Amino acid sequence: IELKSGILNIFLRTGVVFTQVDLWLGLSYCDGKWNEVAVSKEGSVISATMNELREQALEPHLQQLKVNSPVYVGGIPPEIQSFYRELGLEQGFGGCMKDVKFTRGAVVNLASVSSSAVRVNLDGCLSTDSVVNCRGNDSILVYRGKEQSVYESALQPFTEYLYRVVALNEGGSVSSAWTQARTRESVPQNVPTPSRAHSINGYSIEVTWDKPAGVIGVIEKYILKAYEADGPTVPIISAELADAGMLTGVLRGLHPFTNYAVTLTACTLAGCTESLHALNISTPQEAPEDVQSPTAISFPTFLLMSWSPPKTPNGIITQYTLYMNGIPIYSGNGTKYVVKDLAVFTPYQFMLTACTLAGCENSSQVTLFTAQLPPSHVDAPVLTVLDSRTIHVQWKEPVEVNGILDRYIIYMATKEQNFTKWNVIYNSTELFLDFTIPQLFPGTEYLIKLAACTGGGCSISEASTAVTDESTPEGVSAPKAQSYASDSFNISWTKPEYPNGIITSYGLYMDGVLLQNSSQLSCYAYGLAPWSLHSFRVQACTAKGCALGPLVEARTMEAAPEGMVDVFTTVDGSKEVQLKWLAPNKPNGKLTYTVLVTGLFYADQ
């Protein structure tokens, strides 16, 4: 169906049969009133009617008409126009429609069933003065001249105009067919504030408004916007309503217990205008959301509970209820509570309920433990001496752990340290029940104690004692020989660096001969020759054997030489004498000689 140049054209194709009906209208429809158009197919007769005018055509070969696709009124979408090129489709219908109905069924409300509408008011038109711009007898001369185009301004918005061109010369004139053009609509003016709003619940409100007056054009859509009162100028929530015939809309996604300012925006194809003022409304309270699970500071026999307000309270919190193992233990407005008389390191289930006047919401359930304590008692370890350098340590797990066993620690002290300095020789979370201590000193007494630890601390056992097997001493020191007279030595030495047991005796060797064998750490040697060289070595012994220290050498002090010095002279001329002498029989030290000469000496003049 096409209305063009005052002719209503009907094109119908069923199968391979094509039928066309043309109804001449002229400008009879340009009277500013509603026009009723009816198209029907009854058997082989196709008819078209507008108001009182009627035209029909007979086509015996027409097949039965079955409609099994969408019905497009006023035009077809661009994406399917290529399939109907033979129709020569032009610009779609622009204007107003109402009361569209088919033979079967009720009147169709285009505003509710249409999937899209462009430049068409689907619920009636505003009154316009289209009469003076439409009728042929009232046509106005727009342009006279030789140009082939003209720009016309100062027209009415959203108004349909008919134009034709008359070409004339001295021989006569020829006119074009009438062609239609509609000016675009204007941006809406004076959009009213929403007239009423009421809350459906805390998350949505229903808004009602009046149709804007003086809108020139077709309202494409309405937009509802909600701003937080005293908040930023950016809308929190907005909703587009494409059904411009509806004057009621719902804003969803709001926050409960919040003040909002609601505005109305009306849009035509030319643009949108928002109402200057807003309608204030407060959403009611709802049950809280995102209730936080309680937390606790753990102590061995009590829990200091605390909780934060819900992330989304949705109102004023009237009461909190704290549940332990499904039983309420606290109700009130506080955010802290102490749960007493609990068992050490025991799990408890907690849940928090937060309530507003509108309802309550539970947090997720959380498991909290009381704090750990150190184990109640730790037995002393059992020690087994494996050899002179190794002790095997064994122990048992504490009976009352009072938590989660975290680690074992072994402390060790020796007699050489007076058992006051305890060294950590084992610290492990592996939770084994034995450990072998290597690289110990032979023949040494050790004190060993065990610590068992939880997250609450450590408990230490009593100390156990073990003595490693003796061995041959190591690190026997070199003796120190000092001579304070020409015939004797004072010799002293220290304990071996590693006695490796109990030293039973020290042997002092001088010049390879055992001089002394006792438990003393010193010896006096006498009756020696002055400045005589001697060697010394210490031997230390345990029950397992003996070991020699390094060899050192020393001399006795010097004494005066003993015997005569025999001197021999030889004259080697008038000016030289050569002297020779023999050493004393007993030098008794390192000798130096002094030659004394007396007499006259020659001197050059």
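1. A disulfide is taken here as a pair of cysteine sulfur atoms within 2.5 Å. With that cut-off, Cys541 and Cys546 are linked, with 1.9 Å between their sulfur atoms. The torsion about this S-S bond is 110°, and the link of Cys541 and Cys546 is right-handed.

2. On provenance: the model is predicted, so local features need pLDDT of at least 70 and side-chain atom pairs count only at pLDDT 80 or more, while totals for chains, interfaces and linings use all residues. Residues are numbered from 1 along each chain as its sequence is written, and side-chain values use heavy atoms, with hydrogens and water left out.

3. Cys541 is buried at 6%, whereas Cys546 is partly exposed at 42%.

4. A search of the whole structure gives four disulfides. One of them joins Cys453 to Cys458, with an S to S distance of 1.9 Å. This disulfide is right-handed because the torsion about the S-S bond of Cys453 and Cys458 is about 110°. Cys453 has 2% relative accessibility and is buried; Cys458, at 42%, is partly exposed.

5. Cys355 and Cys360 are also joined by a disulfide, S to S 1.9 Å. The link of Cys355 and Cys360 is right-handed, with 110° about the S-S bond. Cys355 is buried with a relative accessible area of 8%, and Cys360 is partly exposed at 45%.

6. Cys523 is itself buried, with a relative accessible area of 9%.

7. Val565, Val567, Val571, Val577, Leu579, Trp581, Tyr593, Val595, Val597 and Phe601 make a nonpolar surface patch of about 950 Å². Patch residues have over 30% relative accessible area and no salt bridge; like charges are joined within 9 Å, and nonpolar side chains (Val, Leu, Ile, Met, Phe, Trp, Tyr) within 5 Å. A salt bridge is a side-chain nitrogen of Lys or Arg within 4 Å of a carboxyl oxygen of Asp or Glu. Areas come from the Shrake-Rupley method with a 1.4 Å probe, and for residues only the protein chains shown count as cover.

8. Which strand supplies the largest share of the nonpolar patch? Strand β46 does, with three residues. Val577 lies in β46. Both β45 (567–571) and β46 (577–581) supply at least two residues of the patch. Strands (E, at least two residues) are DSSP runs, numbered from the N terminus.

9. Asp487 sits in the loop between β37 (480–485) and β38 (488–492) and is partly exposed, at 34% relative accessible area. Beyond its neighbours within four places in sequence, Asp487 contacts (heavy atoms within 4.5 Å) Ala525, Tyr526, Gly527, Leu528 and Thr556. Asp487 and Thr556 are 69 residues apart along the chain, yet their C-alpha atoms are separated by 6.1 Å.

10. Ser204 belongs to strand β14 (residues 204–208). Its relative accessibility is 7%, so Ser204 counts as buried. With neighbours within four places in sequence left aside, Ser204 is in contact with Ser199, Val250, Leu251, Arg252 and Leu254.

Conventions. Helices (H or I, at least four residues) and strands (E, at least two) are DSSP runs, numbered from the N terminus. Buried means under 20% relative accessible area, exposed over 50%, partly exposed in between (1.4 Å probe, protein chains only).
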